[in-house]
Amino acid sequence: MSIAKVIEINSSSKKGIEDAVQSGLAKTGKTVKNIQGAWVNEIKVVTKPNGSVTEWRVNMKVSFIVD
């Protein structure tokens, strides 16, 4: 029998959504073993006054198997 746990993390990137997700998972993977997947809950952006995007932010739930 396996038991999974879910944690919620926030990550950001100036490059884009995919980079925010990948960098967040990579950092999480340094301390959490057996990551099985992630669900992106929210996508937010930081903009300049003219509306151009300066930073992408994601909130995601990461699931992993407990040893």
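Q: First up, Asn-34: buried, partly exposed or exposed?
A: This is a predicted model. In it, Asn-34 counts as partly exposed, at 36% relative accessibility.

Q: Where is the place of Asn-34?
A: Asn-34 sits in the loop between α1 (17-29) and β2 (35-47).

Q: And what is the phi of Asn-34 near?
A: Near 60°. That is a positive value, and Asn-34 is not a glycine.

Q: OK, new topic. How many salt bridges does the count come to?
A: The count comes to 2 salt bridges.

Q: Which residue forms a salt bridge with Lys-44?
A: Glu-42 does. The closest N and O atoms of this pair are 4.0 Å apart.

Q: What is the cut-off there?
A: The nitrogen has to be within 4 Å of the carboxyl oxygen.

Q: How accessible is Glu-42, and how accessible is Lys-44?
A: Glu-42 is partly exposed, with a relative accessible area of 39%. Lys-44 is partly exposed too, with 46%.

Q: Now Arg-57. Which side chain does Arg-57 meet in a salt bridge?
A: The side chain of Glu-55, at 2.9 Å from N to O.

Q: Is Glu-55 buried or exposed?
A: Glu-55 counts as buried because its relative accessibility is 16%, and the cut-off for buried is under 20%.

Q: What about Arg-57, buried or partly exposed?
A: Arg-57 counts as partly exposed, at 40% relative accessibility.

How values were computed
Residues numbered from 1 in each chain as written. Predicted model: local features only at pLDDT ≥ 70, side-chain atom pairs only at ≥ 80, totals over all residues. Heavy atoms only, no water. Buried < 20%, exposed > 50% of the residue type's maximum accessible area, 1.4 Å probe, protein only. Helix = DSSP H or I, 4+ residues; strand = E, 2+ residues; numbered from the N terminus.
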